[in-house]
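Please look over the sequence and the structure shown below before reading on. The report that follows takes up backbone angles, charged pairs, surface patches and a few distances in turn.

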Amino acid sequence: MKKIKRIGVLTSGGDAPGMNAAVRAVVRTAIANGIECIGIRRGWQGLIQSDFVPLTRESVGHILSRGGTILYTARSDEFREEKGRLKAVATCKMLGLDGIVAIGGDGTFRGALELSRLGVPVVGVPATIDNDISCTNYTIGFDTACNTAIECIDKLRDTMQSHERCSVVEVMGRNAGFLALYVGIAVGATAVLVPEKEMDFEKDVIERIREARLAGNTHFMIVVAEGAGSAVEISERIQEEIGIKPRVTVLGHIQRGGSPNARDRETATRMGYYAVMALAEGRYNCIIATKEGGITEIPIEEALVMEKHLQMDRYRIMEVMQFGSITPHND
Ligand code: F6P
């Protein structure tokens, strides 16, 4: 087995709290194994443009608790083209990189697969607030984002309660409802709309508001995953059907910021460590994943065709908590 001497680390796609903790773990694990570490800035685009910075033990000091990513991030159109990827390979050769740790989400791993096909060893570390990477139970940043959304919605609830209003809150998640459902359960939402469940507006929204009203509630909290529809449209439909005028809040990018919490710091540190150990021990073109409390490695090619389903038992639990009728148990 060839002893690796130098690796690159990059963050790509939407940032997530805990990315810095992962970068720090990669750098420190590399150094502990006698491997040099180069930070590639602005994700795959930076690799194309030879935008890099040498990283030392000290340069990743005091970043564990910081949100965002010190390496910057980007979504690169150029990298989607063969021409762009060949430039990236040239940068790897010029820098003498024996491998790359790519921290990000689905798009990052599609890029990683293409690069690996051109002969560059890559290990992926899943980081996205959407938790939508199929090969892993957990993605770095999800828990912090849930807590940020919960904090905002708790504040909203105070004013909704005072004014006896209805709130429609849109949360991120891209095409997945993990963030919306976990947050919805944690704030005791009147209703939660997720892309994984086809919406029956009458049953999933109107009836639930009516039931909550009959149970004595005077304010209502509707949580909408961005992939399930727009909060503005949901609000307009509520007004048309039952005459109340909901207030709309789109939480947006605030969910991506902030200091990572304990779970994200700890998971990011473990994942970063195992990513470098995989490269050092000659295993690559895989994604580091959490499984049953431990860490495992899944080949990128396999990981990209896996499916991840929203746990519909959680959806039923959310319904039960709010006096709603229960979705039939047929998923
Ligand atoms: O994937 C993370 C995410 O925040 C999604 O939840 C959201 O749909 C998207 O990125 C927003 O992307 P952008 O930063 O390009 O607005």
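Between which strand and which helix is the loop in which His-62 lies?

## Two residues with positive phi

His-62 lies in the loop between strand 3 and helix 3, in what is a predicted model. The phi angle of His-62 is near 60 degrees, which is a positive value in a residue other than glycine. His-62 is exposed, because its relative accessible area is 77% and the cut-off for that class is over 50%.

Ser-50 also has a positive phi, near 55 degrees, and is likewise a residue other than glycine. Ser-50 is found in the loop between helix 2 and strand 3, and with a relative accessible area of 31% the residue is partly exposed.

## A salt bridge beside helix 2

By the distance rule applied here, the count of salt bridges comes to 19. One of them is formed by the side chains of Arg-41 and Asp-51, with a nitrogen-to-oxygen distance of 3.1 Å. This pair links distant parts of the chain, since Arg-41 is in the loop between strand 2 (36-40) and helix 2 (43-48), while Asp-51 is in the loop between helix 2 and strand 3 (52-55), ten residues apart.

How does the cover of the two partners compare, buried or partly exposed? Arg-41 counts as partly exposed at 29% relative accessibility, whereas Asp-51, with a relative accessible area of 14%, is buried. Thr-91 has its place in helix 3 (residues 82-95) and is buried, with a relative accessible area of 3%.

## Further charged pairs and a network

The side chains of Arg-80 and Asp-77 meet in another salt bridge, at 3.4 Å from N to O. Arg-80 counts as exposed at 55% relative accessibility, and Asp-77 counts as exposed at 56%.

Glu-297 and Arg-283 form a salt bridge through their side chains, with N and O at 2.8 Å. Glu-297 lies in strand 11 (residues 294-299) and Arg-283 in the loop between helix 9 (262-280) and strand 10 (286-291), so this pair ties together parts that are 14 residues apart in sequence. At 28% relative accessibility Glu-297 counts as partly exposed, and Arg-283 counts as partly exposed at 33%. Elsewhere, salt bridges that share partners join Glu-82, Arg-85, Glu-114, Arg-117 and Glu-301 into one network.

## Patches on the surface

A patch of negative charge on the surface is made up of Glu-233, Glu-236, Glu-240 and Glu-241. Of these residues, Glu-233 has its place in helix 8, which covers residues 231-242.

Which residues make the nonpolar surface patch of about 220 Å²? Val-232, Val-248 and Val-250 make this patch.

## A buried glutamine and its contact

Gln-322 is found in the segment after helix 11 (312-321). Is this glutamine buried or exposed, and what is its relative accessible area? Gln-322 is buried, with a relative accessible area of 14%, a value that falls in this class because the limit is under 20%. The side chain of Gln-322 reaches the backbone oxygen of Gly-188 at a distance of 3.3 Å.

Glu-198 has its place in the loop between strand 7 (191-193) and helix 7 (201-214), where the residue is exposed, with a relative accessible area of 75%. The C-alpha atoms of Glu-198 and Glu-58 are separated by 50 Å, and these two residues are 140 residues apart along the chain.

Conventions. Residues numbered from 1 in each chain as written. Predicted model: local features only at pLDDT ≥ 70, side-chain atom pairs only at ≥ 80, totals over all residues. Heavy atoms only, no water. Patch = residues over 30% accessible without salt bridge, like charges linked within 9 Å, V, L, I, M, F, W, Y side chains within 5 Å. Areas by Shrake-Rupley, 256 points an atom, 1.4 Å probe, with all protein chains shown as cover. Salt bridge = Lys/Arg side-chain N within 4 Å of Asp/Glu carboxyl O. Lys, Arg positive; Asp, Glu negative; His and termini not counted. Charge placed at Lys NZ, Arg CZ, Asp CG, Glu CD. Helix = DSSP H or I, 4+ residues; strand = E, 2+ residues; numbered from the N terminus. Buried < 20%, exposed > 50% of the residue type's maximum accessible area, 1.4 Å probe, protein only. Polar contact = N/O pair within 3.5 Å; in protein donor to acceptor, adjacent residues only side chain to side chain.
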